[in-house]
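Please find below a few notes for a colleague who is opening this entry for the first time.

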Amino acid sequence: LGCCAGNAARVLADRFAGATIDGVDSDATMLARAREETAADPRFRWTEADLARWHPPYPVDVIFSNAALHWVDGHDALFPALVRKLAPHGVLAAQMPDNHAAASHAALFETAAAPRWRARAEGLRRMHPVAALDDYYAWLAPLAHKLDLWRTTYVQALVAQPGAEHPVVAWMRGAALTPYLAALGDDAEAFVAEYAARVESAYPRRGDGLVLFPFARVFIIAQRGA
């Protein structure tokens, strides 16, 4: 789920020899790339769908999602529904970024709430898209034969090139900044400039040319019972 251009799907196909891989995404452009790159491989099927409304035609053995489900609201209903789509003993394996309380996101939310941007950007703020691990346990434990939940923080050393954009801002362009860039159009770079000023103070550049960027991720592995 959230297969994009199919990079992870090809790894899964190598790991599970003989399996059929259904890649699901809402981005038609990414799916077109996936279809093109796997056109000669009958193991792959690609479906354009809203992840919140996806229904497989039959119970599946594995539902895998890497850095996608945090874009979908209503996890109290979504995650139990995904487990119910599994075959007996099937496994849900999901990873989601959980950095929304970090300074990188606090600076983004503050920028969106500023007077210049409030009317167009404040509604894009998603303050808590990932729930607490206790919540996922409460939602999934009644359905799961086995359940593993954990949160890992990766301290990433990003290279800060002289004169280049702050590396945390560059990282965020491919993450939480994306809906703001799409919504603000010609004003997007002015918004990013204000955001970058806040990021500069939150993530100072070290003397060795690096910026340390702690980034947390949540992992959920739930195996359905018989």
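1. A patch, as the word is used here, is made of residues with over 30% relative accessible area and no salt bridge, and nonpolar side chains are joined into one when they lie within 5 Å. In this model, which is predicted, F16, V62 and F64 form such a nonpolar patch on the surface, with about 230 Å² of accessible area together. One of these residues, V62, lies in strand β3 (residues 60-66) and is partly exposed, with a relative accessible area of 40%.

2. T38 is found in the loop between α2 (28-37) and β2 (44-48), and T38 is buried, its relative accessible area being 7%. A polar atom of the T38 side chain lies 2.7 Å from the backbone oxygen of A34, and, leaving aside residues up to four places away in sequence, T38 touches R10, F44 and W46.

3. The count of salt bridges comes to 14. Among them, the side chains of R45 and D22 meet at 2.7 Å, N to O, which links distant parts of the chain, since R45 belongs to strand β2 and D22 to strand β1 (residues 21-25), 23 residues apart. R45 is partly exposed at 37% relative accessibility, and D22 is partly exposed at 32%.

4. R120 and D187 also form a salt bridge, with their closest N and O atoms 2.7 Å apart. Because R120 lies in helix α5 (residues 118-121) and D187 in the loop between α8 (178-184) and α9 (188-202), the pair ties together parts that are 67 residues apart in sequence.

5. Finally, E165, R173 and E189 are linked in a network of salt bridges.

Key
Residues are numbered from 1 along each chain as its sequence is written. This is a predicted model: local features need pLDDT of at least 70, side-chain atom pairs count only at pLDDT 80 or more; totals for chains, interfaces and linings use all residues. Side-chain values use heavy atoms; hydrogens and water are left out. Helices (H or I, at least four residues) and strands (E, at least two) are DSSP runs, numbered from the N terminus. Buried means under 20% relative accessible area, exposed over 50%, partly exposed in between (1.4 Å probe, protein chains only). A polar contact is a pair of N or O atoms within 3.5 Å; within protein, one must be able to donate a hydrogen and the other to accept it, and residues adjacent in sequence count only if both atoms are side-chain atoms. Contact means heavy atoms within 4.5 Å. Patches are made of residues with over 30% relative accessible area and no salt bridge: like charges are joined within 9 Å, nonpolar side chains (Val, Leu, Ile, Met, Phe, Trp, Tyr) within 5 Å. Accessible areas come from the Shrake-Rupley method with a 1.4 Å probe; for residues, only the protein chains shown count as cover. A salt bridge is a side-chain nitrogen of Lys or Arg within 4 Å of a carboxyl oxygen of Asp or Glu.
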